[in-house]
Amino acid sequence: MSATDRFRLDGRSIVVTGAAGGIGRTTCRHLATLGARVVAADRDESVRGVADALSAEGLSADWIAFDVADPASVNAARDEILSRHGAVDGLFANAGMAYERPGAEHTDDDWRRVMGVNLDGVFWTIRAFAAGMLERGRGAVVATSSIAGVKAVRPELHVGYDVSKAGVAHMARVLGVEWARRGVRVNAIGPGYTDTVMLAEVGISQPDVMARWMDDQPIGRLVSPDEIAATVGFLLSDASSGITAQLLMVDGGYSAA
Ligand SMILES: NC(=O)c1ccc[n+]([C@@H]2O[C@H](COP(=O)([O-])OP(=O)(O)OC[C@H]3O[C@@H](n4cnc5c(N)ncnc54)[C@H](O)[C@@H]3O)[C@@H](O)[C@H]2O)c1
């Protein structure tokens, strides 16, 4: 295999959750361009448009709507995807939600909702899709953590989000080690402040918040969804065959500063 072939994903079926959103949509395009058969998944049915746009360009893309927070919905989607595609070789467990709330003001529902999507949802999704990979002895999983999973980010407040993202990084570490000799790699990525709709929910539209982020941000700009997508493509490809159980920050140096 040539040096560049190791980065290719030709013929691999890869499921991407949160595919209607900024990072997921861009990653679907990147993976399809590398030759993957992408299944774009989201709770939001507008995800169909993501797959349709790729298919119109001659790339391989399918779509499905399901709720990662509901294990029955996840398992039903897995069965449907397997019936259409035969097997799943890769998973980008990326669906997530954000919000703002001071710690002491979190309601029971705030806490359960964010854990339900960002932590439980990632686990239900990995559990569902990794089963077939483990049976076949090959596969790769990437899950989306965050700078908020390794550092108390400021000035926005959302302890539930932060703890859920720390949990995702540890989930990848533990499952990566557990499955290392069974041919299935599991890694997490840690995006920094990335230019998507989600960022609007936690302050991108407020000039003082943006100024604070940029002060703290070594590269002095937001991370782009393309930069996240390229990292996910690498971690799902054979180019990263020696990497498992890691959290790879894609944050322009934010977590190190
Ligand atoms: N944008 C950032 O700055 C940033 C930074 C660090 C981490 N992240 C993480 O990156 C991931 C992608 O975020 P994004 O920036 O593309 O945000 P986004 O809001 O554009 O996309 C998130 C997507 O997840 C989907 N989703 C939410 N709940 C779901 C559920 N229960 N079931 C299925 N789909 C669901 C939404 O419909 C949406 O399409 C998230 O996990 C987020 O926490 C984002």
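1. P155 sits in the loop between strand 5 (139-144) and helix 5. Helices here are DSSP runs of H or I with at least four residues, strands are E runs of at least two, and both are numbered from the N terminus. The peptide bond from R154 to P155 is cis. Its omega is near 5°.

2. A word on the basis of these remarks. The model is predicted, so local features need pLDDT of at least 70 and side-chain atom pairs count only at pLDDT 80 or more, while totals for chains, interfaces and linings use all residues. Residues are numbered from 1 along each chain as its sequence is written, and side-chain values use heavy atoms, with hydrogens and water left out.

3. Overall architecture. The chain has eight helices and seven strands. Its C-alpha atoms fill a box of roughly 50 × 40 × 40 Å, taken along the principal axes.

4. Burial and contact order. Buried residues make up 49% of the 257 residues. Buried means under 20% relative accessible area, exposed means over 50%, and partly exposed lies in between (1.4 Å probe, protein chains only). Among contacts between residues at least 6 apart in sequence, 73% join residues at least 24 apart. Contact means heavy atoms within 4.5 Å.

5. The pair formed by helix 4 and helix 5. Helix 4 covers residues 108-136 and helix 5 covers residues 159-178. Their axes come within 8 Å and cross at roughly 15°. Axes are lines fitted to C-alpha atoms, for helices over the stretch in contact, and angles run from 0 to 180 degrees between N-to-C directions. The two helices are therefore roughly parallel to each other. The classes are: under 35 degrees roughly parallel, over 145 roughly antiparallel, 65 to 115 roughly perpendicular, the rest oblique.

6. Handedness and contact residues. Helix 4 passes helix 5 in a right-handed crossing, meaning that the near helix is turned clockwise from the far one by less than a right angle. Helix 4 contributes W111, V114, M115, N118, L119, V122, F123 and I126 to the contact. From helix 5 come V159, G160, Y161, V163, S164, K165, G167, V168, M171 and L175. These residues divide into 13 nonpolar, four polar and one charged. Ala, Val, Leu, Ile, Met, Phe, Trp, Tyr, Cys and Pro count as nonpolar, Asp, Glu, Lys and Arg as charged, and the others, Gly among them, as polar.

7. P191 belongs to strand 6 (residues 184-191). At 6% relative accessibility, P191 counts as buried. Leaving out residues up to four places away in sequence, P191 touches I23, T144, S145, S146, I147, I228, V250 and D251. P191 and E80 are 111 residues apart in sequence and 30 Å apart in space, C-alpha to C-alpha.

8. H85 is in helix 3 (residues 71-85). With a relative accessible area of 19%, H85 is buried. Beyond its neighbours within four places in sequence, H85 is in contact with S13, R37, V39 and D62.

9. A245 deserves a look at its backbone. Although not a glycine, A245 has a positive phi of about 65°. A245 lies in the loop between helix 8 (225-236) and strand 7 (247-250). It counts as buried at 11% relative accessibility.

10. S2 is in the segment before strand 1 (13-17). S2 counts as partly exposed at 33% relative accessibility.
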